[in-house]
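Please keep the sequence and the structure in view while reading.

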Amino acid sequence: MSFTRRIVCAAAIVMPLAAAAQAPSGKLTVVTSFSKEVTGPFKAAFEKAYPGTTLDVQNRNTNAGVKFIEETKSNNGVDLFWASAPDAFEVLKGKGLLEAYKAKAEGVPDKIGQYPIHDPEGFYTGFAISGYGIMWNTRYVGAQKLPEPKEWQDLATAPYFDHVSMAAPSRSGTTHLTIEAILQTAGWEKGWGIVKAFSGNLRAVTDRSFGVPDAVNSGQVGYGIVIDFFGFSAQGAGFPVKFVYPSLSTIVPANIAVVKNAPNAAAAKAFVDFILSEPGQAVLFDPKIRRLPVRTASYDKAPDGLPNPFKFPWVANAKFDVDKSEKRFQPVDALFDQLITFQHEPLKAATKAIHEADAAIAKKPNAEASKLVAEARALIAAMPVNEAEAASAEITGAFTGGSGKEKAPRQAELEQKWAAFAKEKYAAALAKAEAALKAAR
Amino acid sequence: MNAAALRRILAQPGQALVALAVALFLAAFLIIPVITVMIAAFQPKGGSGFTLVNFADFFATDLFRRSFFNSLYVSAMSVAVATVLALPLAYFTTRFDFRGAVIVQTLGVIPLIMPPFAGAVAMQLLFGRNGTVNLLLDEAFGFKIGFMEGLNGVIFVEALHYFPLILINLSTALRNIDRAMEEAAQNLGCSGFRLFRRIVFPLAMPGYVAGASLVFIKVFDDLATPLLLNVKDLLAPQAYLRITSVGLADPMGYVISVVLIVASLIAMYLSLLALRGKDYATVQRGGGGLAKRPLGRGDAILAYGTILIVLVLTLAPHLGLLLLSFATIWSFSPLPDGFTLAHYVQVFSDSGQYIVNTVLYAGLAALIDVVVGTAIAYLVLRVGVPGAKWLDYAATAALAVPGVVLGIGYLRTYFGVTLPSGQSLAAFWGMIVLALAIRRLPLALRACTAALQQVAASLEEAAENLGATKARTVRRIVLPLMTGGLAAGFVTSFATAAVELSATMMLVQSSADAPLAYGLYVFMQSPAGRGAGAALGVIAVLIVGVCTYISNRIVDGDMAAKAGAH
Amino acid sequence: MDRTAAFQPVDITIENVDLSFGATHVLKDVNLDIQAGEFFAFLGPSGCGKTTLLRLIAGFNTAQRGRVLLGGEDVTHLPAWKRDVGMVFQSYALWPHMSVAQNVAFGLEERRLPRDVIAARVDEALDIVNLKHLKDRKPSQLSGGQQQRVALARTIAVRPKVLLLDEPLSNLDAKMRVQVRRELRELQQALKLTTIFVTHDQEEANTVCDRIAVMNDGVVQQVGGPMALYDAPANLFVANFLGTANIVAPVREEGGRAVLPGGVAVEVPRGGARLVFRPQNARLTQPGDALSTGRLRLPGEVVHREFLGATIRYGVKVDEAECLVDVPHLGGEAGFAIGAKASVDIDRARVLWLAA
């Protein structure tokens with residue numbers, strides 16, 4: 001441990017009360033996946049509020065950040081971990097790398113609708129909320145004479161084929177939450193049906209969240225399923241894009257946590273308090289940031305046009321069982337990857353055939369063809385495991401390692417099984433759809 | 001090791017020491033860190049103990065098998081396309097009095113430098129489905145070409161990206177051919193392409209194979225390009241995706257990495273086999289090198305034309321990068337909406353430190369590479385210390401190790417070691433330099449090996465006969481004769497180190513220590529930062545371009561001096 | 001098989017050739033006529049331009065001025081691969097990636113001859129140089145002498161109009177040199193090929209060649225047969241280069257006569273010339289011996305002597321100059337001792353006056 005840190009620790013032990021009353025100062029090291037546009041204004045505001053502090057911001061993508069904290073725990077030099085979705089925080093929490101801290105913040109509710117804002121055990125704290133929606137490039141859409149979307153279901157319709165992009169839930173915690181929300185609202189079977197239906201229209205499944213708005217901004221793809229601030233910040237930067245919240249969406253939080261054995265724990269906690277305070281929350285209004293505050297009172301002073309998620313009509317009713325979500329977190333990721341991401345070509349082919357069959361039926365209604373199309377759709381929507389199985393110890397154990405059971409399947413085996421399942425079903429769906437097309441002609 | 005070999009080694013303690021030093025270097029900065037991470041491939045998930053069941057799973061999984069064959073296919077095709085691009089440039093610049101020769105050789109290196117993220121965006125904006133070329137094609141002719149789609153898209157981008165490796169190695173080999181070989185053939189009636197095919201190219205084969213095998217392995221192990229194109233059924237991106245998933249303690253990522261390493265080593269071994277017995281060292285009579293002929297009219301048009309096409313194609317991404325750095329908004333249109341200098345202003349005010357760091361890190365890394373590469377090449381080709389070949393294999397294996405694995409390995413191995421200043425060893429910027437050096441070593445090693453192969457052993461023996469020690473001989477005879485190859489190795493190491501990101505990202509711990517690539521990454525995280533990221537990318541390319549040009553001038557002047565007024 | 005059947009040697013003409021490399025003027029106004037079927041030598045010291053001239057004929061150099069004609073045809077601007085002149089390089093330049101047979105076959109393949117003809121000609125060429133048994137070896141497995149023969153066979157196989165040899169014997173040991181130069185001569189006579197032989201060794205040039213062009217500093221000094229050059233050199237350089245020559249400068253000149261060391265005065269054909277004579281054209285006499293007519297005498301002192309078996313070579317100091325005199329050694333004669341006074345006795349008819 002460095003000399004300075006020894007002093008701080010000794011002081012903290014000997015004079016706990018004095019330490020608590022001491023103003024924060026010194027260097028504060030933050031590992032974050034947020035861009036400079038976000039961290040900059042917070043840094044400026046915090047350093048102004050607490051002169052004598054300096055924020056040293058280390059940008060890393062989420063995964064690198066988590067691994068870094070893991071590898072450097074023996075001589076930890078990081079005070080705060082600051083990222084979007086909870087999954088990274090859950091990993092760190094599970095490995096005992098975070099310190100529980102209940103922020104001193106008034107006016108911040110525990111939940112928004114059914115969705116918790118903070119970790120119930122207090123290891124990480126939500127400081128901003130965002131919603132998921134659809135973003136599109138107006139030039140692309142105009143040039144190809146495509147429609148403007150309103151709802152998720154729109155994305156599954158024929159005109160959108162090969163024009164949409166989204167990130168894989170395994171690579172983007174926020175996208176995962178969106179998928180999970182669909183599964184919880186519509187139910188396992190129907191939910192996956194919806195997801196597969198619009199996935200069949202995807203041009204690409206990206207491996208990082210920012211890949212989606214990036215492609216939409218460049219005009220390489222027409223529509224993207226994105227978190228709202230990607231849409232807003234792109235507009236703010238001048239790109240020809242538009243954004244819409246569907247009427248049923250997801251709330252995704254952004255979080256911050258204090259790392260265990262933080263070198264400057266006092267300042268770290270002060271920072272957490274700060275960003276939940278009124279001036280801290282006001283920073284979110286910066287046009288380059290455009291995140292939504294968790295402090296309900298802040299909305300009174302919000303700039304025009306900023307939505308208030310606490311008042312979204314669907315929020316109060318939206319169900320979200322956090323435990324359920326966490327339990328089947330990895331199986332859902334793996335299911336998506338094996339059934340969709342890595343079988344994308346067959347899925348697209350089957351979906352395209354279905355669209356063509358639909359178009360033919362619309363011109364010349366045909367009962368047999370309609371039946372075949374329905375069967376094709378069902379084949380696509382079919383799942384290799386039901387909800388209970390997906391959450392079972394056997395399957396979740398395969399992913400975390402060590403379900404304890406002798407005959408338990410390994411992750412690779414499960415993945416191969418699911419991949420084979422998908423391949424077979426999509427091929428069958430393609431055959432049915434082609435048969436339908438033939439029948440309708 | 002029998003008594004005779006032992007005696008031989010003890011008789012030349014200097015060489016044994018060098019071998020030992022290199023072995024320690026590789027062990028400390030490559031093998032041990034990698035093993036600490038890859039060991040997970042041999043352990044059951046979440047548990048400990050040794051098992052090969054993960055490898056059985058690998059071969060049983062359809063996705064992985066498919067990825068494996070796709071990777072082989074893509075690598076082989078990339079070599080083919082890269083050869084088509086490199087051959088005319090190498091041929092024209094080394095065989096003719098080509099005024100722009102040095103410029104061409106310099107520009108030929110630039111495609112190696114594809115700044116991360118920004119380069120990808122630029123490529124999409126030019127060649128993507130709705131990029132410049134396709135928008136214009138669609139408007140004019142009503143069709144689009146899928147440059148960047150699927151496996152063929154990967155082949156296209158990889159060939160453009162890596163063809164300089166073949167160009168550089170081939171050019172060096174061509175420059176070193178004894179002129180009399182060519183004249184004897186001309187004297188017997190052979191000329192033009194036949195001459196090239198029957199005499200010149202076979203003699204340049206060692207250089208070509210060095211470059212081609214390097215391209216094959218690099219493409220096989222490349223994950224950045226497939227991910228850029230969203231092509232995921234190749235081995236390297238599969239490994240990367242699994243290793244970098246948050247939370248999933250998945251051994252398969254490391255299993256795939258092990259498969260990558262083994263496959264790369266096998267490829268290297270095969271290429272060495274192919275070259276066995278083709279020891280074409282020619283005694284340099286005052287330099288030699290192919291006679292440079294003046295360019296006839298018809299030839300000139302052909303030459304300039306071909307070179308122009310190749311250069312335009314391979315530099316297009318950088319042109320795109322340049323446009324992007326000056327662009328206000330560029331979205332779904334052949335050209336940006338407007339131009340501005342604001343990005344450069346922003347970058348210059350922020351990034352002086354990044355530039356200094358980049359030149360320092362990349363320069364040091366390239367230097368280390370050339371020194372270690374020459375040492376290994378010498379040990380393998382001349383000394384025959386038992387086990388020297390394994391040093392070669394170990395160094396080349398670094399190609400297959402994903403940068404993130406190396407970064408994690410360094411943290412795992414060295415974070416606990418504290419320097420006297422209280423800082424952890426892993427946080428010291430020297431570790432970034434070492435990570436860059438290790439990842440680039442395979443390229444430099446191949447260049448040094450090819451260069452040494454073309455220096456006849458008799459030239460060294462002559463020096464020793466006159467009383468020079470091994471060390472002095474190396475310094476005064478061998479190294480000067482290897483200048484071309486050494487420069488090539490330095491340049492490729494430097495160029496690629498200047499834009500490396502994956503290992504850097506893990507190891508950088510304060511922005512004062514960060515190189516350009518890192519600054520670029522930070523900018524590219526938001527839509528408004530695109531222009532600035534591109535500006536930084538352009539600066540990186542310029543830095544490398546200037547250094548390459550200088551080094552090529554030095555080499556050319558050196559060769560001219562050696563050739564005299566022949 | 002009639003080996004001479006398809007060889008059609010040509011004459012070579014070099015006209016007013018000037019060649020410079022950058023600022024260095026390497027060939028200065030060279031004019032040469034080489035007869036068809038002649039064994040011709042370019043002889044001269046290092047740097048005289050002989051190799052440059054050879055390469056000019058082969059087409060590897062371009063002259064700034066002048067013409068090169070092969071068999072009357074102007075080939076000055078014809079590229080090397082169209083000239084059909086066979087060249088054997090000093091380093092042999094055998095291609096290491098091809099076997100001996102493949103090396104030899106190369107030129108024939110370039111001429112698109114049918115396969116069986118190529119095979120037959122390869123065998124024939126290797127037969128001529130006695131290397132048929134090595135045809136599948138690689139060049140790295142051959143000795144220097146064998147490599148040279150392969151290079152020769154490779155050239156002969158295509159039956160060129162002209163054969164150019166760039167210092168072919170310089171890499172061989174002394175015994176091989178004698179043997180190989182004889183073989184080259186025999187070969188050339190059998191094939192009646194116009195052959196040019198570049199060398200710096202006058203013995204080689206003298207023993208095998210029909211005519212020699214002596215070159216120095218880019219200028220052709222003299223062209224002629226070996227004996228003619230030896231007996232009647234055109235200038236001091238040629239005299240000195242071919243064989244040993246004694247050069248005596250007159251002490252002074254007065255009125256068309258030169259006064260030699262020792263006081264003898266003789267008529268000189270032109271001013272500023274030096275007296276030149278060969279060691280074997282002089283005798284050593286006692287100072288008091290009678291002077292015969294038609295002979296010249298230079299008084300001096302013996303300063304060294306070498307017993308060479310058939311001759312004794314004396315070094316005689318005449319004033320400041322030292323002259324070499326070769327005296328046949330007839331068994332039993334003691335000859336002159338070192339330090340003895342002796343006069344160099346020269347046949348006037350065999351004396352040359354050459355400009356400095």
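How many residues of chain C are in contact with chain B, and how many residues of chain B do they meet? In this predicted model, 26 residues of chain C are in contact with 21 residues of chain B.

## Confidence in the model

The predictor gives the complex an ipTM of 0.82 and a pTM of 0.79. For chain C the mean pLDDT is 88, and 98% of the residues of this chain reach 70 or more.

Where pLDDT is low, the predicted coordinates should not be read in detail.

## How the chains are arranged

Two pairs of chains touch, and of these it is chains A and B that have the most contacts between them. Chain A and chain C, by contrast, are joined by no contact, and their closest C-alpha atoms lie 48 Å apart.

## Where chain C meets chain B

Chain C and chain B bury an area of about 2,200 Å² between them, and carbon and sulfur atoms give 59% of that area. The count of salt bridges between chain C and chain B is four, and a salt bridge is found where the side chain of C:E110 meets that of B:R198, at 3.1 Å from N to O. Across this interface of chain C and chain B there are also 10 residue pairs in polar contact, with both residues at pLDDT 80 or more.

On the side of chain C that touches chain B, at least two residues each come from β6 (85–88), α2 (100–110) and α4 (144–157) of chain C. The element that gives the most to this side is α2(C), with four residues. When the residues of the side of chain C that touches chain B are divided by class, 14 are nonpolar, six are polar and six are charged.

## Where chain A meets chain B

Between chain A and chain B, 65 residues of chain A are in contact with 64 residues of chain B. The area buried between these two chains is about 5,500 Å², with carbon and sulfur atoms giving 51% of it. Of the area that chain A buries against chain B, 12% is supplied by A:E71, A:Q220 and A:F342, which is more than any other three residues supply.

Eight salt bridges are counted between chain A and chain B, and the side chains of A:R203 and B:E149 meet in a salt bridge at 3.0 Å, N to O. The interface of chain A and chain B also holds 30 residue pairs in polar contact, both residues of each pair being at pLDDT 80 or more. Helix α4 (residues 62–71) of chain A gives the most to the side of chain A that touches chain B, with seven residues. By class, that side of chain A has 18 nonpolar, 29 polar and 18 charged residues.

Is A:D273 buried or exposed? This residue, whose place is in helix α11 (residues 265–276) of chain A, counts as buried because its relative accessible area is 15%, and buried means under 20%. The side chain of A:D273 makes a polar contact with the side chain of A:Y101 at 2.8 Å. Leaving aside neighbours within four places in sequence, A:D273 is in contact with A:Y101, A:A103 and A:K104.

A:W314 has its place in the loop between β13 (292–293) and α13 (322–327) of chain A, and A:W314 is buried, with a relative accessible area of 10%. Although A:W314 and A:S249 are 65 residues apart in sequence, they are 7.8 Å apart in space, C-alpha to C-alpha. With neighbours within four places in sequence left aside, the residues in contact with A:W314 are A:P246, A:S247, A:L248, A:S249, A:T250 and A:I251.

## An enclosed helix in chain B

Why can helix α18 (residues 388–397) of chain B be called largely enclosed by the rest of the structure? The reason is that eight of the 10 residues of this helix are buried; among them are B:L391, B:Y393 and B:T396. What covers the buried residues of α18(B) includes α2 (13–38), α11 (205–221), α14 (252–275), α17 (352–383) and α20 (429–453) of chain B.

Terms used:
Residues are numbered from 1 along each chain as its sequence is written. Chains are lettered from A and ligands numbered from 1 in the order in which they are written. Side-chain values use heavy atoms; hydrogens and water are left out. Contact means heavy atoms within 4.5 Å. Buried area is the accessible area (1.4 Å probe) that two parts lose on being put together, summed over both. A polar contact is a pair of N or O atoms within 3.5 Å; within protein, one must be able to donate a hydrogen and the other to accept it, and residues adjacent in sequence count only if both atoms are side-chain atoms. Ala, Val, Leu, Ile, Met, Phe, Trp, Tyr, Cys and Pro count as nonpolar, Asp, Glu, Lys and Arg as charged, and the others, Gly among them, as polar. Buried means under 20% relative accessible area, exposed over 50%, partly exposed in between (1.4 Å probe, protein chains only). pLDDT is the predictor's confidence in each residue, from 0 to 100.
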